[in-house]
Amino acid sequence: MSQDEYYRGILDRISDAFIGLFVYLISTIRKGWREKNRSRIAEWKLMFYALNRSPPGVIGLFLVTIFVFLGIFGPLIAPYKYNYFPIFENSKTYLSPPGEFFVLGADHFGRDLLSLLLQGARTSLVISIIVILLGVPAGIILGLIAGYFGGKIDELIMRITDMFLAFPPLILAIAFAAVLPDRISYLINTYPPLQQFLLWLFALERTEGGNLSRLLAVMIAMAVVWWPGYARITRGSTLTEREALYVESARAIGLPSSKIMLRHILPNIIGPILVYVTLDFGTVVLTEAGLSFLGLGATPPIADWGRIVYDGTQFFPNAWWLIIFPGFIVFLDVLGWNLLGDALRDVLDPKLRRSIEFKVKKVKKSKTKDMEIKEVEHE
Amino acid sequence: MSLSEAEYMVQENSRTLLRVENLKKYFPVKGLFFTKGYVKAVDDVSFTIEKGETFGLVGESGCGKTTVGRTILRLIEPTGGRIVYEGRDVTKFRKNEMGWFRKKAQIMFQDPYSSLNPRQTVFQLVMEPVKHHGIGVDDPEDFVVELLELVGLNEGHLYRYPHEFSGGQRQRIAMARILSLKPDFVVLDEPTSALDVSVQANILNTLKDIQEDMDLTYLFISHDLGIVKYMSHRTGVMYLGKIVEVGESDRLFEEPLHPYTKLLFSAIPVPDPDIEKSKGKIEVQGEPPSPINPPSGCRFHPRCPYAKEICREKEPEFKEIEKNHQVACWLY
Amino acid sequence: MSKKILEVKNLTVHFYTYAGIVKAIEEVSFDVFEGETFALVGETGCGKSVTARAITQLIESPGRIVRGEVYYNPDGERLNLLELPDEEIRTIRGNDIAYIFQDPQSSLDPLYNVGYQVSESLFVHGRVKSIKDGIKKAVNILRTVLLPDPERRVSNYPHELSGGMKQRVTIGIGISNDPRILIADEPTTALDVTVQAQILWLIKEMKKRYGVTVILITHDMGVVADMADRVAVMYAGKIVEVAEVTEVFKNPVHPYTQGLLKAVPNPLKKIERLETIPGTVPSLINPPSGCRFHPRCPEISKVCKEKIPELREVKKNHFVACHNR
C-alpha cells in the first residue's frame, strides 16, 4: 500500500533521497513530525516524480539551481572584485580577449568578465526577489478581495488594475529613474542600517552606497507595474474557487471572510500563482537587463548583466565577448525559469499531478512490476 | 446566549424546532444595464420541522429544494419570509446570534469531492469548526479520533488528505466535521447522490444511527424518492419553487394526492420488473418550465392532465385533506 | 430464441499507466440477441462503459484491448469487430452500431445547429448527397424522436434546447442511419426523473418501430427493471451474473447481485433498515485474487481466494460466476 512501488528512475531516486534527508532533519528537531505528515511527504515525492517525467522541467530546475547558487555564492567565488580595475596597473588588460589575461576576457576597465558575470548573478537575483516580494503579495491580496466579494468592490479594484496595466512600464521606469534616486539616497543615508543591509544584499562595497539609489528606483518602478498581472490571475482563480463547496462549508461553520480567503481559497489557488512567479523570475531578469541596457538602473562599477552588454556595444564587434557571454547567461537564466515554470504547471496542480501518474508509460519495461497507487483503505 | 430585545419571540409548540414561513428567494437576472427579471427559486414556502424528526424535501433539479436548505442556514440571504428556529427569527440574527446559530445548525453537501478543502488533513478539517468557535477540547487528537470512530473511520485516517479517500469515506469525514460542533439540526443536501448504491446504503444507515445517538433533526433534500421514503418521517414535494404537497412519508408514498406527486411516482423506475412493466404510466407532458417566468395560477397546470380553468387563473391554497397531509391543488 | 447479433468473447481491456496496469475489464463474455434490450449494470468503475466502448474499438490510449473477440453477425456474415481496420470499423460505428452517451451537453457540438449535426451523420455514412439535402431528412428524424416543432428546431443550437430535448437529438443522430444495435451509455443519468421517463419511453418506442437491438448501460436498478429483457451484472471488471430480468430481480444468485438489490431503497416498500455490502470497490490495479468480490462477500470459502470463478449456467439461461452456487 505504500507508494514506494512506483516505477522509479535514477532522478526519482535522487529526489526521494533528497526528500528523505530533509524529512530526517525535520524529524530530529520535531519529534513525531514524520508520522503526522506521511501524506504530505508522499505528496512531495509525487511532485518530484511528476517533475521528473518532464525533461525540460528537470533541465529548468537544474539551470535555476545553478543560477540561485551563483546568485548566493557568486560574489564570494569570483576571482576578482568587481571594483578592482586592472587597467591602472596593466594597460594591456584593456579589452583583452578571452584567454589572454582572463578566461572570459576583460572589459574596457580591464575587469575580469567572469567575475563581473558572477557578481551580476547576485544583482539580478536580488532584484527579481525584491520586485516579486513587493509586487506579488499586493496583487494577490487585491485579486482575492476582488474575486471573493465581487460586485462593486471587484469592479473598483479591477478598473484600477486596468489603469495600471495601461501604463507603459518603460516610461514609468524612466520617470522613476529621473525623479526617485535623490529621495532614495536621502532615505538610505538617513538610515545607515538600511544602507548596510542593502549593500550586503547586493554584495557591494561601502563606497557604492550612492549608486544603490538608481537601482532601487528601477526596482520600485518595476514593482509598481508588476502587481496588476497577479491581481488578475488571483481574481480569476478566486472566482472559480469561491464556488467550491468547501468555501460554503467554511461559511456554514461561521468562518469570517478574511479567514476563508487566506486559509481556504489562497492555498488552493497558490499553484498557478507560483507558476506565474517562477515564469516572472525570468521576466524580471530580462526586463531589468533591458532597462540597464538602456542606461537606467545599475551604474558602473556595479556589475549587472544588462549594463555589461550596454557598455560592450561601443566595442562591438571587436570585443564580441562583452556581448555574447552576458547575453548567453541572461538567455540561460531566463530559459531556466521558463522551463521550470512550465513544468511546475503540471506539478503544482494536484489533479494534473495525478493524471501524470496515470499517463501511459512510453518506455515499456519488460519486467513491469505490478505497481499500485496509494490505495484507499477499505471502508 | 443573550438575544436582542427587538427579537421577535413566537409562541411555539415546544416540539417544533424550525418553522419556515413564506420563505422567498428571488435571484435577479441581470441584463446589460437593468435587472431583466427574477428567478423565483423559492416562492412562498412554509413548513415546520419537529425535534428529532427527518423532514424530506423532494423534487426535480431546479425546483428550489437546495436553495431552501441554504436559505434556512442563511448561506443565501432570503428575499422574504421568516425562519423561526427555537422560537427566534434567524433572518433577524446579528453577528453574535449568528455565531450561536452556526453552532446549532449545520449542512452536509452533495459532492464530497469538493466539500472538503483538499489542502487540509482530516484532523484540521474536523478541528476547524471547534477551534473557530473557541470550544475547549482537552486533547484534540482524542476528540477527533472519537468523532472519526463515531462515523466509521479510525485513528489511522487522522493525518491524511481528502484525496486519499473514496467518496463514501469523504462523506464520513464531512459528517465528523459537522458533528464536532454537536449541532441540533443538520441540512442534508443530497448527501449520497454522488455515491454508488452499495456505499449509499452504508452512509444512509450511519446517518440514521447518528440521528438516534445524538438526537439530531434532519432536513433531508433529495431527488430520489426511494431514499427520501427510507430516511424521512415527513416529506414535502417541491415543484418550481413551491411546495405542492406535505405529508407523513408513509401516507404520502401510499397515496399521493397532488397530480405532480403522482406523476413523479409514476415516472420513477422502481427496481422491480413486475411492478415496473405493469404499472400504468401517466403520460408526462413537456418539461419543467423556466422559473424566470413561471406559469400563472398553479405552476403545474401546463403539464397537469387534470388542469381546469381555475388552475390557470388562481394559485391554489394549501388545504389539509387528512390529518398531517396538506396539498395545494384545486382538485381537492 | 432469436439469433445472436453480437457475441463478446473474453474481452479484456487494460489501461497502462505510470501507477500500474489498470485491469478495467477482464475476460468479459456475453451474447446479445437480435431485438432484445440487454442491460449492463454495475457501480462506478465496474467496467460497463469500457465494455460498451470496446465493442467498436472506441478505446483511447492509454487503454488497449488486450484480448478477446467481438463477433457482429449481420445477415449471414460474421465479422470480428476487433480485427477490422480503422476505416471499416468507422463505417460500422454509427451505421450499424450507434451510441448514445450520458451527457447530451458534450455529445453535441455547440457550434453547429442540430439540423446540421443530424444531417452530418447521414452524410458521413452516405445516406444523403450533401449536408443540405440531409436537413429535410433531419426534420423527419427529429419528428420521430418527438422533438416538439422540429421544423423550427433544426436551426436551433444545442444551448437553446433543454437537457431532455438535447438527448432526443442525440437519439435522433443515433437512429439516423437505421442502426442494428443501439448502445445507450447511461442515457438518462443527467436528466430529471420525469424527463427520464420520457426518454426511456422513447427508446422503447424506437425499439418497437425499428426493431433495433439495445444495449443499455446503467447503474440504476429501476431503469433496468423498466427497460431490460436480459441483464448482465458487472463487478470490478468482471461479469458476475447474466440472466433474464425477472430472474435477476426475483432469484438473484450471486451474493453481489443480492446485496446490490437489497441496498437500493424501493419507494413503494416499507424498509426498516437497508442491508449493506461491507467494504468498497477494490482497486483495479491490484484486484483481489480469485473471485474479485471475495473481500466483501458474506459467504466466502477457501476456494474463493484462490480460483477465479467461471460463468456457469445454474439454471436455464441463468449464468453465475460464483464458486458456492
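The model is a predicted one. The phi angle of B:Asp44 is near 60°, a positive value in a residue other than glycine. B:Asp44 counts as partly exposed because 17 other C-beta atoms lie within 10 Å, whereas a buried residue would need 20 or more.

Next, move to chain C and select C:Gln57. This residue sits in the loop between helix 1 (48-54) and strand 4 (63-72) of chain C. C:Gln57 is not a glycine, yet its phi is positive, at about 60°. With 19 other C-beta atoms within 10 Å, C:Gln57 is partly exposed.

Now display chains B and C together. Their contact takes 34 residues from chain B and 37 residues from chain C. On the side of chain C that touches chain B, at least two residues each come from helix 8 (193-210), helix 9 (221-227), helix 10 (245-250) and helix 11 (255-263). Helix 8 of chain C gives the most to this side, with six residues. Colour this side of chain C by class to find 18 nonpolar, twelve polar and seven charged residues.

Finally, turn to chain A, which has 14 helices and zero strands. Its C-alpha atoms fill a box of roughly 80 × 60 × 40 Å along the principal axes. Of the 379 residues in chain A, 42% are buried. Select A:Pro317 in the loop between helix 12 (305-312) and helix 13 (321-348) of chain A. The peptide bond from A:Phe316 to A:Pro317 is cis, with omega near 0°.

Definitions and conventions. Residues are numbered from 1 along each chain as its sequence is written. Chains are lettered from A and ligands numbered from 1 in the order in which they are written. This is a predicted model: local features need pLDDT of at least 70, side-chain atom pairs count only at pLDDT 80 or more; totals for chains, interfaces and linings use all residues. Two residues are in contact if their C-beta atoms, placed from the backbone, lie within 7 Å. Helices (H or I, at least four residues) and strands (E, at least two) are DSSP runs, numbered from the N terminus. Ala, Val, Leu, Ile, Met, Phe, Trp, Tyr, Cys and Pro count as nonpolar, Asp, Glu, Lys and Arg as charged, and the others, Gly among them, as polar. A residue is buried if 20 or more other C-beta atoms lie within 10 Å of its own, exposed if 12 or fewer, and partly exposed in between; C-beta atoms are placed from the backbone.
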